[in-house]
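Please look through the sequence and the model before turning to the points below.

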Amino acid sequence: MTTIDLATTPRRHARDAIVAIGLAAVLLVAAAGGSIRKQGDEMRPGLLRDVVRAVGAPAGWVADRLPIHEVVHDTTAFLSPDANLSGGKGAFGGGAISVARGAGAAIPAISADDFDLSAIGAAPKPTRKLRTLLVTGDSLPMPLDSILARRLSSKGVKTTRDPHVGTGLSKSELLDWGKLSVRQAKTQPDAVVVFIGANEGFDMHTAVGKRVVCCGIDWAVEYATRARAMMSVYRRGGAGRVYWLTVPTPRDSARAEVERLVNQSLTVAAAPYRAQVHVLDTVPILTPGDHFRTAMTIGDRQRIVREPDGIHLNDTGSGIAADLVVEALRKDFVLP
Amino acid sequence: MVFPSIEFAIFFPIVLVLSWALMPRHAQWKAFAIVASYAFYAAANWKFCFLLGAVTLLNHGGAVLVHRSDDDRRRKHIVAATVTLDLLLLGVFKYYGFFVEDVNGLLDHVGLSLPLPVAQIALPVGISFFTFQAITYIVDVYRRLVEPASLVDAAVYLSFFPHLVAGPIVRASEFIPQLAKPRNPSRVALGAAMTLIVAGLVKKVGIADTLAREIVDPVFAVPEQYGTWDVLLAGYAYAAQIYCDFSGYTDMAIGLALLMGFRFPQNFDRPYRAASFREFWRRWHMTLSRFLRDYLYIPLGGNRGSRWFMVRNLMLTMLLGGLWHGAAITFVIWGGLHGLYLVAERALEWLGTRRPNVWVRRLIVFHGVVLAWVLFRSSSLDVAGTFIGRLAHPAAAQLWSPLVLALVIGVLAVQLAPERPLARLRIRFESLQPAMLGAALAVTVLVVAATVSSQGVPPFIYFRF
């Protein structure tokens with residue numbers, strides 16, 4: 001920016017400033033009112049969300065009745081850095097994932113995939129080298145992803161980091177993890193590390209359009225169904241291995257309640273694939289007794305393991321989570 | 001609440017209308033400005049509003065006491081105590097977590113098992129900025145550059161939302177006089193304000209965030225996975241990113257203030273065209289540079305005394321300037337490196353060395369700055385070391401793309417280009433009719449919004465400081 005010369009710049013009346021800003025606001029409502037409504041729906045409950053929703057509802061209504069949104073979308077679509085990964089209400093996976101939702105009354109057959117072979121001492125010695133690793137999730141795998149990538153780089157492992165900040169399995173309108181997991185699995189990583197759950201607790205719609213409100217058993221069933229669909233995609237019929245970390249207890253008690261349900265859902269979701277999908281429980285290590293703690297004893301010293309937000313792990317905490325992942329990887333792969 | 005967000009897009013038009021509606025009733029306007037600013041701050045974390053209030057009361061109380069006293073020693077003691085308390089607050093909130101583990105280790109080492117509680121304290125957004133502004137207030141009153149304001153004026157000054165969370169660091173002597181009478185509604189620099197807001201949006205959302213996503217973040221996270229070409233471009237790209245991110249924020253802050261009738265000091269002046277490190281610091285984060293000069297370097301003794309004394313003052317100023325940015329050793333070394341650059345520059349002057357061509361000097365300064373940015377951006381010294389080491393590992397470029405190259409070259413070219421054609425373009429934009437300016441803002445928002453990934457607009461880099 002060149003230096004603004006306030007001595008010579010044209011001066012106008014404040015009313016003109018209000019007109020300019022007002023006109024910009026009107027044009028934005030007409031062209032992107034739907035986005036305001038969508039953003040309001042994806043925000044955490046609170047006054048700010050109420051305000052955004054109060055503006056978003058009429059703005060969305062106006063935008064729906066004008067063709068401007070489509071013109072703007074078509075004109076600017078080439079600038080978008082993402083493939084279309086947003087989902088509609090009730091969408092998850094865009095029909096790309098075939099998962100038995102609510103199987104019939106028949107007793108499901110048990111297969112070898114149901115067993116964690118290492119847990120029963122029947123795991124063969126790993127012979128396969130780990131070549132490619134995908135670390136994904138919301139903001140939780142940051143900085144776990146780079147710690148793992150740096151540790152494994154010297155072992156010849158190519159790590160892809162793909163965090164999607166602010167997203168969640170129960171927040172599929174902005175980013176549909178069902179669609180994303182299908183796209184990620186196309187790169188055929190040997191192993192996938194998933195650490196997600198910082199933004200959950202939103203109401204979801206099931207495949208048949210039924211709305212499930214957080215945080216009852218119906219919500220947990222839908223969450224587990226979504227997680228299982230992703231696990232199924234990542235395991236690629238048994239060719240891939242999945243390491244899904246549970247969420248350590250956060251400081252905020254309302255969030256902790258959601259995380260308990262998320263963690264329980266993961267255990268349930270992984271049940272049919274225990275040979276390939278390992279749920280790595282961080283709770284006993286980082287928050288024993290399901291109690292939040294900022295610091296823990298490492299060696300003989302107290303070390304801080306959480307970020308000040310009371311949700312995320314800091315470098316030290318992420319290092320502990322990375323130890324857990326590497327230990328699990330060693331059971332399935334040869335790691336020099 | 002960040003400027004490029006839907007929440008702010010709802011907040012600001014309402015505040016702008018009410019602000020001008022209340023301006024003739026100046027006392028009511030001030031009360032409104034405080035409420036609006038605290039509401040803005042509360043959107044991040046309402047609990048920290050109490051901290052902002054406490055800093056305001058502390059410094060205003062100190063300023064009043066300093067002003068009332070005629071005894072120089074007493075005045076000095078009051079200002080020292082107030083500034084110490086300011087720095088103590090900053091220290092507790094910003095640096096406690098950084099030092100506590102090391103202090104406990106040291107206590108254990110010397111056999112004193114008196115561990116300090118290991119706690120992670122949340123960093124209040126903007127604490128470094130409003131603390132420094134509070135310091136300028138009490139020190140300027142002590143230096144008799146300004147009279148103490150009323151408590152209400154002091155509260156407006158410290159909390160005014162356009163500069164609250166990431167500057168520019170506006171001095172009391174620059175802002176408080178603007179509160180003396182209502183702003184003139186017929187003298188709004190609308191064109192300049194809209195130019196700055198549009199430029200800020202493009203810089204932050206269109207350029208800085210794209211560079212971060214496409215090359216900077218991947219390479220700095222795991223430099224081991226990349227070779228010479230990617231690492232080199234990532235270094236240049238970070239220089240472009242941090243400039244666009246921070247100056248983009250500042251442009252928006254200055255533009256928003258102008259719309260409300262207030263004037264903030266300039267904070268950036270095309271820093272990468274600097275032909276010396278001294279010049280770089282006169283062009284980069286100018287309000288911090290002059291704060292460090294006037295409130296640290298000169299009180300330490302500045303250029304007075306022997307050369308060694310000056311070198312000491314320079315190094316101390318730059319090391320503390322580095323630490324101000326964050327509780328990490330990488331920031332301290334970044335500041336130290338800039339201190340060394342400045343000292344080396346002075347040493348060459350003392351030796352009477354012949355200066356090379358201005359373009360050669362620009363090239364040297366730019367690369368010195370980029371090298372220092374590597375430390376600034378790296379999460380640890382280990383990462384910085386690996387990043388620099390990878391420069392010697394030739395490998396096929398993975399992250400080069402026409403977009404990244406165009407953005408990096410574009411940002412640098414604009415800094416080096418002659419001023420006149422750019423100024424002509426700016427003046428033409430500033431002269432547009434209000435409706436055209438509004439339409440231009442709307443189109444800019446729609447275009448830059450299309451470049452935002454599904455993860456939304458990342459926070460400004462300087463919000464962490």
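Predicted model: local features only at pLDDT ≥ 70, side-chain atom pairs only at ≥ 80, totals over all residues.

Residues are numbered from 1 along each chain as its sequence is written, chains are lettered from A and ligands numbered from 1 in the order in which they are written, and side-chain values use heavy atoms, with hydrogens and water left out.

**Chain A overall**

- Chain A holds nine helices and nine strands; helices (H or I, at least four residues) and strands (E, at least two) are DSSP runs, numbered from the N terminus.
- Of the 336 residues in chain A, 49% are buried, where buried means under 20% relative accessible area, exposed over 50%, and partly exposed in between (1.4 Å probe, protein chains only).
- Among contacts (heavy atoms within 4.5 Å) in chain A between residues at least 6 apart in sequence, 74% join residues at least 24 apart.

**The sheet of chain A**

- An open sheet of five strands in chain A has the order E2-E1-E3-E6-E7, with parallel pairing; two strands pair if DSSP finds at least two bridges between them.
- Strand E2 (158-163) and strand E7 (277-280) of chain A stand at the edges with a single partner strand each, so one side of each has no neighbour in the sheet.
- On average, neighbouring strands of this sheet are turned by 15° against each other, direction ignored.
- Strand E1 (residues 132-137) and strand E3 (residues 191-195) of chain A run parallel and are joined by five bridges; here Val135(A) stands opposite Val193(A), and Leu134(A) has Val192(A) as its bridge partner.
- E3(A) is also joined to E6(A) by five bridges, again in parallel, and Phe195(A) has Leu245(A) in E6(A) as its bridge partner.
- Five of the five residues of E3(A) are buried, so this strand is largely enclosed by the rest of the structure.
- Both faces of E3(A) are covered, with Ala191(A), Val193(A) and Phe195(A) buried on one side and Val192(A) and Val194(A) buried on the other.

**Helices across the sheet**

- Helix H4 (residues 144-153) of chain A lies across E1, E2, E3 and strand E6 (241-245), running at about 175° to E2(A); axes are lines fitted to C-alpha atoms, for helices over the stretch in contact, and angles run from 0 to 180 degrees between N-to-C directions.
- Helix H6 (residues 217-235) of chain A lies across E1, E3, E6 and E7, at about 145° to E6(A).
- Arg235(A), found in helix H6 of chain A, is buried with a relative accessible area of 9%.

**Helices of chain B**

- Helix H18 (residues 419-430) of chain B has twelve residues and reaches 16 Å from its first C-alpha to its last, close to the 16 Å expected at 1.5 Å a residue; the expected span is 1.5 Å times one less than the number of residues.
- Ala423(B), Arg426(B) and Glu430(B) are the buried residues of H18(B).
- Seen down the axis of H18(B), its buried residues fall within an arc of 60° (taken from the directions from the helix axis to the C-beta atoms), so they line one face of the helix.
- These buried residues of H18(B) pack against helix H9 (190-221) of chain B, while the face turned away from them carries the exposed residues Arg424(B), Leu425(B) and Arg428(B).
- Residues buried in helix H1 (residues 6-22) of chain B include Phe8(B), Phe11(B) and Trp20(B).
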